[in-house]
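Welcome to this guided tour.

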Amino acid sequence: MKRLYLLLASALLVLVLLPLVLDKYLLGIFVMIFFYAYLGQSWNLLTGYSGHISLGHALYVGIGAYTSTYLAMNHNISPWIGMWVGAVLAMLVGLAIGFLGFRFGLRGVYFVILTISFAEISRLVVSHIPALGGFAGIFLDFKPSFWNFQFRGNVAYYYLSLGFMVASVGVARLLELSRAGRFMVAVREDEDAAEALGVNAFKYSMLGIALSAFMTALGGTFYANYIFYINPNSVLGMGLSIELILRPIIGGMGTALGPVLGSFLLTPLSEISRAYFARGGLEGLHLILYGILAILVVLFMREGMLVYLRRALRSLLRLES
Amino acid sequence: MMLLQVEKLEKHFGGLCAVAELSFFLEEAQILGLIGPNGAGKTTVFHCLTGFLPIDKGEVKFKGRSIKGLRPHQICRMGMARTFQIVRPFLNVSVLDNVMVGAMLREKSLAAARRLAHSTLEFVGLEGLSQERAGSLPLALRKRLELARALATRPEVLLLDEVMGGLNPTDVDEMVRLLREIHQKGVSILLIEHVMRGLMALAQRVVVINYGRKIAEGVPGEVVRDPQVVEAYLGREFLDAAG
């Protein structure tokens, strides 16, 4: 275990030093790696640990993005403050969805449908609110300053998103080791058996969705201030909901490092193939590539790639000793 | 003292009456057997007592307090723990972590819960397997794990749903020894059991149900000679064998 922490610390050091040698384009790819690892981790906290499958997590990204952007543009409130407002709002919405799902025993696909419906309804509603830009969305004014959460170049975004990702891994690890995390895993494994052992399944499911929604929304604020443009499809759409769950699924659900590994594997693939296929006039083909990869993982590596990496590392680390 | 009182319990599934006017009680430091043929409603009774099924009619009191409308975790917290007939271990976590979930109910610190989990595993003889994935255990050991998890919640009453079912005679004897020891520590036990060898060795009193109704009650030696019980459940051969 000590060795693993050492390995992770050196990897982190490399990542911290990387901007010294990378150009803007490559930094941008790393920002996306960290960002999707963070979103995947936030989703993982609910679905990976407590087992409730959400396919509507774009909803929380959207709440975060729209809340901080609206407050910044209309009330001149810094996104640094707005992001917490959005996070609390997302948490409340998450709790409402959780209440409906967990209190009335919607398990499995029924809970999935519930999460999709809320996200889709929100997408449609926002599309018809002029104050939020409607279908066209909102272009953010570019006023670079720390206080505005906006920066020139990619270096600041690189460190910000790296910080987000590292913090999310820390949260997941702390959760794993805590009472609450252990109860959540028990609920994931068998809700009735957990109840029979005195675990309040409802309470720990609610905790999972609250934490997950809260963190996901913080990512939404980052997205808005990195891309400078949000619209209902990009931050509330089904596409994002699927996009953000692929990394933890491929890396390994219910593990603190799975989403990170998944993002390092998938995000460069997505970015590079997207650019490559677009040049050849085949936009969208990268999604097919995704689909094939996801199918392969589900068929042959159901526990995610982390298991294999861990096995490989174990023998490697033993060799060193 | 009366620990558990069941009064005129009724449970219907649509038109089917699974449990009807069932009354019995469990005294402190007692082992009570609940037997009956397949489909008699034994597991339904357990589900009603532990909050997994709502009670249609009647009353169930644990330590003098009604448990009607309480959720399973609340009933467990009051001191009544159960096992499942079809064992339900948390497959993807270690044996130790399985028991930790139960242990954390009373022990607020993780270190104390871990100690309790270890000592419980040692008690049931699973200590050597504590780091194994629960999914890798064979049935006999899963039954012991199921027992260990429930024990780790430090219950006053244990509801055991066929913990000996599917075990070979050696494992049955081992389980009987374990349950005796648990009983000696002051835990009362309500036992659903088909394995007569185990039941006869343990139960001080037996309640027999058929079609959800009580058809006999008493000490095991007498109950198994009751013609109605023999007819409904044991079969003539058992009477001949019991002499």
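Two strands count as paired here if DSSP finds at least two bridges between them. Helices (H or I, at least four residues) and strands (E, at least two) are DSSP runs, numbered from the N terminus. You are looking at a predicted model, in which local features need pLDDT of at least 70 and side-chain atom pairs count only at pLDDT 80 or more, while totals for chains, interfaces and linings use all residues. Residues are numbered from 1 along each chain as its sequence is written, with chains lettered from A and ligands numbered from 1 in the order in which they are written.

**Stop 1: a sheet in chain B**

Select residues 2–13 of chain B, which are strand 1. Strand 1 of chain B pairs with strand 2 of chain B in the antiparallel sense over eight bridges. To see one pair, show B:L9, which stands opposite B:L22 in strand 2. Helix 1 (residues 42–49) of chain B packs on the sheet and touches strand 1, strand 2 and strand 4 (57–62). Touching means contact, with the C-beta atoms of two residues, placed from the backbone, lying within 7 Å. The direction of helix 1 makes about 65° with that of strand 2 of chain B; axes are lines fitted to C-alpha atoms, for helices over the stretch in contact, and angles run from 0 to 180 degrees between N-to-C directions.

Now show the whole open sheet of chain B: four strands in the order 2-1-4-5, with antiparallel pairing. Strand 2 (16–27) and strand 5 (65–66) stand at the edges with a single partner strand each, so one side of each has no neighbour in the sheet.

**Stop 2: an enclosed strand**

Next, select residues 157–161 of chain B, which are strand 7. Is this strand enclosed or open? Five of its five residues are buried, so strand 7 of chain B is largely enclosed by the rest of the structure. A residue is buried if 20 or more other C-beta atoms lie within 10 Å of its own, exposed if 12 or fewer, and partly exposed in between; C-beta atoms are placed from the backbone. On one side of strand 7 you will find B:V157, B:L159 and B:D161, and on the other B:L158 and B:L160.

Strand 7 of chain B pairs in the parallel sense with strand 6 (residues 80–82) over three bridges, and B:L158 is the bridge partner of B:A81. With strand 8 (residues 188–192) of chain B, strand 7 makes five bridges, again in the parallel sense. Look there for B:L159 opposite B:L190.

**Stop 3**

Go to B:Y211, in the loop between strand 9 (205–210) and strand 10 (213–218) of chain B. Its phi is near 50°, a positive value in a residue other than glycine. B:Y211 has 15 C-beta neighbours inside 10 Å and counts as partly exposed.

**Stop 4: over to chain A**

Finish at A:W147, in the loop between strand 1 (138–139) and helix 6 (155–177) of chain A. A:W147 is exposed, with 10 other C-beta atoms within 10 Å.
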